[in-house]
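Please walk me through this model, one feature after another. I would like the general idea where there is one, and then the case at hand.

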Amino acid sequence: MIKAIYFDLFFTLIVPVYVEANNEFEILDLSVNEWENFAESDALYQERALGLVKSEMEIINKIVSTIPFDISDIQKEKILLARENRMKAALQNVSFDIIDVLKKLKNYNIKLGLISNADIIDCKFWKQSQLSTLFDDAIFSCDVGILKPDRRIYELAMNRFNVVPSECMFVGDGGSNELYGAKSVGMKTVFTEALEVKTDEKRIRIMEYTDYHVKYFREILNCI
């Protein structure tokens, strides 16, 4: 019997999409790909997602320090604001289908937990999101100093709910090898492509650690 379901956040429940103008990359006259090569590099992301970067502006400073041209303080402020607004908008504009499914799961007396690799900007506006009212607990990597797929973050989540792996399910898009991590501690796993369809190569790799594969978020109800 499933007593607890844990969800990933990004590309599982929300997508922090770029807006029509004044995005981080546009402020620097870069392409999206050029910006993300700097902003989302593995080394920088791991550092801030582990909570080693303690302020929002420090995150921006570390990103722009890798860009090979001078960036003014005014541009840095604009980049920070754009990034914060993008994350805030994603958390405040959750799809109706996702909210409806989460409410139904709550009606089944299933505890809902969040396990997310995130930095302090990523989760800054969590409590302003309707999602936060539906979850019984939320673990952000920057708060606990542990990243998925490290088994300790899943064990921490289960300890907080006082449940065992056989009573748990993890739902995610498969990023950060999260389904492997969940499977390694004994949870059932659900791979969702509701918000992002993977390439065939990525899908094949993720499916190795998948018990259920859903293309529409509502199909999660059929997995419990």
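## Reading the packing, the sheet and the backbone

Q: Which residues of H4 and H5 meet?
A: The model is a predicted one. In H4, the residues Glu-56, Met-57, Ile-60, Asn-61 and Val-64 meet Lys-76, Glu-77, Ile-79, Leu-80, Arg-83 and Glu-84 of H5. Sorted by class, this contact between H4 and H5 has 5 nonpolar, 1 polar and 5 charged residues.

Q: At what angle do H3 and H4 pack, and how far apart are their axes?
A: The angle between helix H3 (residues 42-49) and H4 is about 165°, with the axes 11 Å apart. Because angles over 145 degrees count as roughly antiparallel, H3 is roughly antiparallel to H4. The crossing of H3 with H4 is right-handed.

Q: Which residues make the contact between H3 and H4?
A: From H3 come Leu-44, Glu-47 and Arg-48, which meet Ile-59, Lys-62 and Ile-63 in H4. By class, the contact of H3 with H4 has 3 nonpolar, no polar and 3 charged residues.

Q: What is the strand order of the open sheet?
A: The order of its 6 strands is S3-S2-S1-S4-S5-S6, and the pairing is parallel. At the edges stand strand S3 (137-140) and strand S6 (212-214); each has a single partner strand, so one side of each is left without a neighbour in the sheet. From one strand to the next, the twist averages 20°.

Q: Over how many bridges do S1 and S2 pair?
A: Strand S1 (residues 4-7) pairs with strand S2 (residues 111-116) over 4 bridges, in the parallel sense. Ala-4 has Lys-111 in S2 as its bridge partner.

Q: Which strands does H9 lie across?
A: Helix H9 (residues 151-161) lies across S1, S2, S3 and strand S4 (168-172), and runs at about 160° to S3.

Q: How many aromatic pairs does the structure hold?
A: There are 8 aromatic pairs in the structure. In one of them, the ring centres of Tyr-154 and Phe-170 are 5.8 Å apart and the ring planes stand at 75°, so the pair is edge-to-face. Tyr-154 belongs to helix H9 and Phe-170 to strand S4; they are 16 residues apart, and the pair links distant parts of the chain.

Q: What should I look for in the backbone angles?
A: Most residues other than glycine have a negative phi, and most peptide bonds are trans. Two places in this model can be read against that background. The peptide bond that joins Lys-148 and Pro-149 is cis, with omega of about 15°. Pro-149 lies in the loop between helix H8 (141-144) and H9.

Q: Where is Asn-162 found, and what is its phi?
A: Asn-162 is in the loop between H9 and S4. Its phi is near 55°, a positive value in a residue other than glycine.

Terms used: Residues numbered from 1 in each chain as written. Predicted model: local features only at pLDDT ≥ 70, side-chain atom pairs only at ≥ 80, totals over all residues. Heavy atoms only, no water. Contact = heavy atoms within 4.5 Å. Helix = DSSP H or I, 4+ residues; strand = E, 2+ residues; numbered from the N terminus. Nonpolar A, V, L, I, M, F, W, Y, C, P; charged D, E, K, R; others polar. Pairing = 2+ DSSP bridges. Axes fitted to C-alpha atoms, helices over the stretch in contact; angles between N-to-C directions. Phe/Tyr/Trp six-rings, centres within 6.5 Å; stacked < 30°, edge-to-face > 60°. Parallel < 35°, antiparallel > 145°, perpendicular 65-115°, else oblique. Left-handed = near helix turned anticlockwise from the far one by under 90°.
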